[in-house]
Amino acid sequence: MFKCLKIIISSFLIAVLLLFTIASIRTLSLDVNVGLQLARWEKTNNISLVIDHHQREELLANFKEAIRIPTVSFSEKESNTTALREFDRLLRKAFPTVFSSSLVRHELVANYSHLFSVQGSQPDLVPYLLLAHIDVVPASESDGWEAPPFSAKEIDGFIYGRGTIDDKSPLMGILQALEYLLIKGYAPRRGFYIGLGHDEEVSGYKGAMNIVRVLKQRSVQLSFVLDEGLAVLDGVISGLEGPAALIGISEKGSATVKLSVSMLPGHSSMPPSESKLHFLQIEMMNFQFFGLYPSLWLLLLCLQFGLPMKFIMSNLWLFAPLLGRVLERKPDTNAFVRTTTAVTMFNAGVKVNIIPALAEAYVNLRIHSAQSLQEVLDLIQSTVGDQRVKIELVNGFDPLPVSSADEKSFGFQIIKKTVLDIFPTVTVAPGICIGNTDSRHFKDLTNDIYRFAPVWFKPGDAQRFHGINERISKKNYEELIEFYFSLIQNCDIQKLPEPHSSVHEL
């Protein structure tokens with residue numbers, strides 16, 4: 001008996017030692033930022049961007065004017081069309097070379113959206129699309145803004161206003177970059193498109209979808225699409241050494257589900273043993289435990305952590321279940337690793353002394369890329385598990401396909417190279433976009449959709465997105481212009497270089 005126990009313990013210790021040795025080797029060998037960074041890129045004569053004092057004043061004035069125009073989308077049927085027309089006039093005034101160049105074809109789509117087609121000198125190179133949107137969500141100074149939300153007021157080097165992040169800084173940055181390139185005589189080898197939707201905040205059914213329709217009529221296929229989405233996170237991810245630029249390679253699906261239960265009403269002085277309110281509350285509490293815990297292998301392997309986190313991140317094959325449980329504890333990281341649920345509306349009762357005849361709750365779900373809408377609905381049905389609760393899908397759609405992010409992925413690697421050209425100390429990694437963008441409408445035109453803009457987010461900045469005190473620094477806005485100025489030129493290479501080495505088995 002003692003000998004048997006001794007053998008078991010020895011075997012266990014040997015197994016633990018072996019696992020530790022393997023994990024240590026993987027930790028020490030992990031270097032995901034090699035590869036194409038050390039490869040021989042095709043030689044290009046990129047134009048340098050130097051912004052003088054006059055240009056700086058002009059570009060900031062144009063950007064501020066864009067923020068002051070309240071291009072608010074209130075609903076799918078209601079938007080500020082007067083503001084959208086005013087924004088059209090601003091674009092034509094701010095970027096005269098873009099609108100007059102023989103290389104650029106401009107057209108209005110669905111009255112208020114814009115499509116720019118930029119001709120390339122080598123038509124055999126597959127074009128790409130830069131996407132942004134004009135509209136913004138509503139904002140009121142009474143919510144607690146430090147500056148009126150449509151004032152574009154400067155405070156300590158930041159420009160405040162609705163749309164400074166979402167999404168007028170990328171929009172104006174793209175066009176400003178193209179304006180400067182055309183002024184300098186730039187003629188692209190690879191043609192590309194710029195799409196500006198006018199109703200992204202209310203699903204893009206008129207703007208983006210009609211831009212897609214136009215491109216489909218012309219049989220356009222795209223190398224990749226780049227839209228808003230993720231950003232440069234600095235001090236946001238615990239344990240990460242330095243800032244990280246996360247490029248969204250997918251975005252979550254969405255669903256709104258209505259749960260309701262009906263029972264006979266009555267007087268509150270004679271309540272039944274099980275009221276419908278209590279019953280629905282129990283079902284919703286059970287429902288909150290529904291979730292998915294897949295590890296974001298590629299994202300976490302690409303991020304640079306110090307010890308002991310690097311040891312864990314390099315060995316997700318061993319620590320993934322534990323890490324998933326840790327990440328779910330914070331709302332910001334929980335959203336990256338699972339399907340989330342949020343009860344957003346609850347309706348019941350008409351009078352304080354009447355037991356309601358009907359109780360209903362609306363649950364909003366953001367569906368992780370590892371699940372489908374149907375799988376989520378099936379799981380809701382099994383979780384609720386009671387015929388008295390009626391389950392209705394109000395609306396919903398599947399997560400977007402996962403775009404490529406390996407060393408042979410043209411779009412991802414061009415975006416990564418451009419980020420590192422401008423921010424050489426930043427770690428670049430793929431991620432999942434937890435919100436939804438206009439880019440989801442373009443999945444029939446390309447296999448690769450990326451969601452990123454080089455907007456810097458420090459702790460607390462994520463709450464400004466659709467919240468109060470949305471802002472961007474003047475320096476960061478210039479960096480956006482520089483990013484798109486370089487990106488357009490970097491896309492002119494014909495193909496990616498051969499990877500330097502296969503440095504780690506992902």
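User: Helices here are DSSP runs of H or I with at least four residues and strands are runs of E with at least two, both numbered from the N terminus. Where does Gly-411 lie, then?

Analyst: Gly-411 is in helix H13, residues 410-422. Before going on: this is a predicted model, where local features need pLDDT of at least 70, side-chain atom pairs count only at pLDDT 80 or more, and totals for chains, interfaces and linings use all residues. Residues are numbered from 1 along each chain as its sequence is written, and side-chain values use heavy atoms, with hydrogens and water left out.

User: Is Gly-411 buried or exposed?

Analyst: Gly-411 is buried, at a relative accessible area of 1%. Buried means under 20% relative accessible area, exposed over 50%, and partly exposed in between, with a 1.4 Å probe and protein chains only.

User: What does Gly-411 touch, leaving out residues up to four places away in sequence?

Analyst: With that exclusion, Gly-411 touches Phe-224 and Tyr-450. Contact means heavy atoms within 4.5 Å.

User: Aromatics next. How many aromatic pairs does a search of the whole structure find?

Analyst: The search gives 10 aromatic pairs. One of them is Tyr-128 with Phe-192, stacked at 5.1 Å centre to centre and 10 degrees between the planes. Tyr-128 belongs to strand S3 (residues 128-133) and Phe-192 to strand S6, so this pair links distant parts of the chain, 64 residues apart.

User: What are the cut-offs for a pair?

Analyst: Rings of Phe, Tyr and Trp (its six-membered ring) pair if their centres lie within 6.5 Å; planes under 30 degrees apart count as stacked, over 60 as edge-to-face and the rest as tilted.

User: Are Tyr-128 and Phe-192 buried or exposed?

Analyst: Tyr-128 is buried at 0% relative accessible area, and Phe-192 counts as buried at 1%. Tyr-128 also pairs with Phe-224: the centres are 5.2 Å apart and the planes at 5 degrees, so this pair is stacked. Phe-224 is in the loop between H6 and strand S7 (225-233), so its pair with Tyr-128 in S3 ties together parts 96 residues apart in sequence. Phe-224 is buried too.

User: Which residues do ring pairs link into a cluster?

Analyst: The cluster consists of Tyr-128, Phe-192, Phe-224, Phe-410, Phe-412 and Tyr-450.

User: Moving to helix H6. What do the buried residues of H6 pack against?

Analyst: They pack against strand S1 (104-109), strand S2 (113-118) and strand S6 (192-197). H6 covers residues 207-217, and its buried residues include Ile-211, Val-212, Val-214 and Leu-215.

User: And what follows just after H6?

Analyst: Ser-219, with a positive phi of about 55 degrees. Ser-219 is in the loop between H6 and S7, and its 62% relative accessibility makes it count as exposed.

User: What is the phi of Ser-203?

Analyst: Positive, about 90 degrees, although Ser-203 is not a glycine. Ser-203 sits in the loop between S6 and H6 and is partly exposed, with a relative accessible area of 23%.

User: Where is the cis peptide bond?

Analyst: Between Asp-166 and Asp-167, with omega about 10 degrees. Asp-167 is in the loop between strand S5 (158-160) and H5.

User: Last one. What does Ser-117 touch, again leaving out residues up to four places away in sequence?

Analyst: Its contacts include Leu-103, Glu-107, Phe-192 and Arg-218. Ser-117 is in strand S2 and counts as buried at 14% relative accessibility.
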